[in-house]
Amino acid sequence: MAFPAPLQRLIQALEKFPGVGARSAERMALHVLRSPAEDAAELALALRDARMETLRCAVCGNITLRTPCAICEDEDRNRTLVCVVEGPREVESMESAGVFTGLYHVLMDGFAPREGAEPEPDALDALRKRVEQDGVLEVVLATAPDREGEGAGLLVAEALEGLDVNLTRLARGVPVGTRLEYLHGEILADAFRGRSAMPAPSSSR
Ligand SMILES: [Zn+2]
């Protein structure tokens with residue numbers, strides 16, 4: 001082993017990140033060694049805090065410091081409207097755009113959306129429960145307009161079958177292949193205004 005053990009240990013830890021190969025891990029580790037010691041200490045602290053201090057909201061599944069999260073607890077928001085998104089990044093985009101005043105429901109593994117890209121069964125059950133118990137009148141599907149997003153939408157429609165709730169999806173003004181997180185507020189606002197009824201699961205097969 002050419003590198004001293006502590007450096008080797010850092011490289012091995014970095015290699016576990018998605019999309020980071022041996023060469024990039026090595027480059028990142030050497031960068032840490034070149035940086036001021038306080039930067040490395042700050043990085044270590046940030047890693048620890050992000051991991052230890054965040055959790056997922058028991059209601060909506062978003063990443064938060066406490067559960068229920070601030071959005072779920074906000075009495076000023078429209079509690080009859082729930083927007084189903086793939087992950088926390090989409091919540092972040094919508095909140096920054098400020099175009100949506102309802103509540104959210106995070107469908108996929110909040111920490112690795114798109115890896116496996118399957119809605120979590122728990123998330124589907126939790127959504128059904130919310131609609132049954134919390135007076136939700138409309139569920140807006142805001143999953144990506146691609147194959148995975150469409151598939152997730154169908155699973156949501158199935159999970160909500162038989163419930164008295166309006167299932168809509170965002171208008172298709174969203175460019176095909178564009179992830180919600182990359183959209184500007186105006187496009188998002190348009191998409192919300194033009195949302196349309198979801199076809200029933202039986203008629204869409
Ligand atoms: Zn929440």
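**Helix packing and the sheet**

Mentor: Helix 6 passes helix 7 in a right-handed crossing (the near helix is turned clockwise from the far one by less than a right angle). Helices here are DSSP runs of H or I with at least four residues, strands are E runs of at least two, and both are numbered from the N terminus. The model is predicted: local features need pLDDT of at least 70, side-chain atom pairs count only at pLDDT 80 or more, and totals for chains, interfaces and linings use all residues. Residues are numbered from 1 along each chain as its sequence is written.

Trainee: At what angle do helix 6 and helix 7 pack?
Mentor: About 45°, with the axes of helix 6 and helix 7 (residues 147–159) 9 Å apart. Axes are lines fitted to C-alpha atoms, for helices over the stretch in contact, and angles run from 0 to 180 degrees between N-to-C directions.

Trainee: Which residues in helix 6 meet helix 7?
Mentor: Leu124, Leu127 and Arg128 meet Leu155, Val156 and Ala159 in helix 7. Contact means C-beta atoms, placed from the backbone, within 7 Å.

Trainee: Changing topic, what is the strand order in the open sheet?
Mentor: The order of the 5 strands is 4-3-5-6-7, with mixed pairing; two strands pair if DSSP finds at least two bridges between them. Strand 4 (102–106) and strand 7 (196–197) each have a single partner strand, so one side of each lacks a neighbour in the sheet.

Trainee: Which strands does helix 6 touch?
Mentor: Helix 6 (residues 121–133) packs on the sheet and touches strand 3, strand 4 and strand 5.

Trainee: In what sense do strand 3 and strand 5 pair?
Mentor: Parallel, over 4 bridges. Leu81 has Glu138 in strand 5 as its bridge partner.

Methods:
Contact = placed C-beta atoms within 7 Å.
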